[in-house]
Amino acid sequence: MEKAEPRRRSHPDAEGPGDGADGLRERGFARYGAERLGILPAGSAAGDLARIREVCAAMPPDPYAPGTNRFRRYSHAVYLPWKDELSWIPGTPDPVHGTVTDFSQGQDGPDRPRTRRVLPDIPEALRGNPLLLRLLRWDIEQVLSLKDLGRRPLWAGVHLIRLGVDGPGQEAVSSPNCLHQDGGSAGTFTFAHLISRTNVTGGQNVIATPGSAGLQPEDPWADIHAEFTLTDPLDGYAVHDHRVSHYVAPVRAGSGRGPGERSILIVGIAPYVPQL
């Protein structure tokens, strides 16, 4: 069997700022910041961003990954293009979390077999947050600019994730902890918007080829497109799931006093597929 070439960059210039829909169309990934979104985190959106951060700070631990210092909430929404209507899907009543939503990440993740999982919902009070809705609609607009989906509902999985550490020696780990794809259809796109990053090191993002899925970024056979770190509020990126793999490194406490955290909004968007 012919060996793959060792670690290389398919797009050596891909570490610069992304170019939105064109980057997604041409390379399968793109980077962007608050300026491209047309949002000033320190301006009129500051109060809305602060409320999202408050929810992130109080999120419950990931019930399926004890000891990883990962906290999260998750809900579904649906968008009807012909009405320009965005609606949150109600969760299932739960005695512990109030309501929960079914969560699935592909068919068989590298670190667990396919099982039914539920995650605590994004609170009802946050679902009307103008900044959250603006980010969600911006992501939807990028997908609609790439695909002829004006006559199909769009399904959105809206995920808040915090990696938090209390002090030196602790590590917070994302999932899966390797290069991976989210396992959706060829029409699945994933967007990420940094909510906050305080007193942590690590958390580097890596974008690679689909064939690199299951590998660690430092593996000599990983074919890397880009490596970068989200640092400023609303820094972000997007990936066309079936065209790339992606990864975020664990975070550890920084040199400052007190705890550290990295909170992010992840939005997965795909055309709704009827089951009948």
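**Entry 1: contacts along the chain**

I began with contacts between residues at least 6 apart in sequence, and 79% of these join residues at least 24 apart. I noted for myself that this is a predicted model. Next I looked up the secondary structure, which comes to four helices and 17 strands.

**Entry 2: inside and outside**

How many of the residues count as buried? I found 52% of the 276 residues of the chain in that group. The chain exposes about 13200 Å², and carbon and sulfur atoms supply 52% of that area.

**Entry 3: a hairpin**

I then turned to strands E3 and E4. E3 covers residues 70-80, and E4 covers residues 85-88. The two run antiparallel and are joined by four bridges. As one point of reference, I found Val78 opposite Ser87 in E4. Four residues lie between the strands of this hairpin, and there Asp84 takes a positive phi near 50°.

Which residues of E4 make up its covered face? They are Leu86 and Trp88, while Glu85 and Ser87 form the uncovered face.

**Entry 4: aromatic pairs**

I searched the whole structure for aromatic pairs and got five.

The cut-off for buried is under 20%.

Another edge-to-face pair is Phe228 with Tyr237, 5.7 Å from centre to centre and with 65° between the planes. Are these two buried or exposed? Phe228 counts as buried at 6% relative accessibility, and Tyr237 counts as buried at 8%.

I also came across a cluster, in which ring pairs link Tyr32, Trp138 and Phe191.

**Entry 5: charges over rings**

Last, I looked for charged ends sitting over rings. Which ring does the charged end of Arg27 sit over? I found the ring of Phe29 there, with its centre 4.7 Å away. Arg162 gave me another case: its charged end sits over the ring of Phe71, 4.1 Å from the ring's centre.

Definitions and conventions:
Residues are numbered from 1 along each chain as its sequence is written. This is a predicted model: local features need pLDDT of at least 70, side-chain atom pairs count only at pLDDT 80 or more; totals for chains, interfaces and linings use all residues. Side-chain values use heavy atoms; hydrogens and water are left out. Buried means under 20% relative accessible area, exposed over 50%, partly exposed in between (1.4 Å probe, protein chains only). Contact means heavy atoms within 4.5 Å. Accessible areas come from the Shrake-Rupley method with a 1.4 Å probe; for residues, only the protein chains shown count as cover. Two strands pair if DSSP finds at least two bridges between them. Rings of Phe, Tyr and Trp (its six-membered ring) pair if their centres lie within 6.5 Å; planes under 30 degrees apart count as stacked, over 60 as edge-to-face and the rest as tilted. A charge sits over a ring if NZ of Lys or CZ of Arg is within 6 Å of the ring centre and within 35 degrees of the ring normal.
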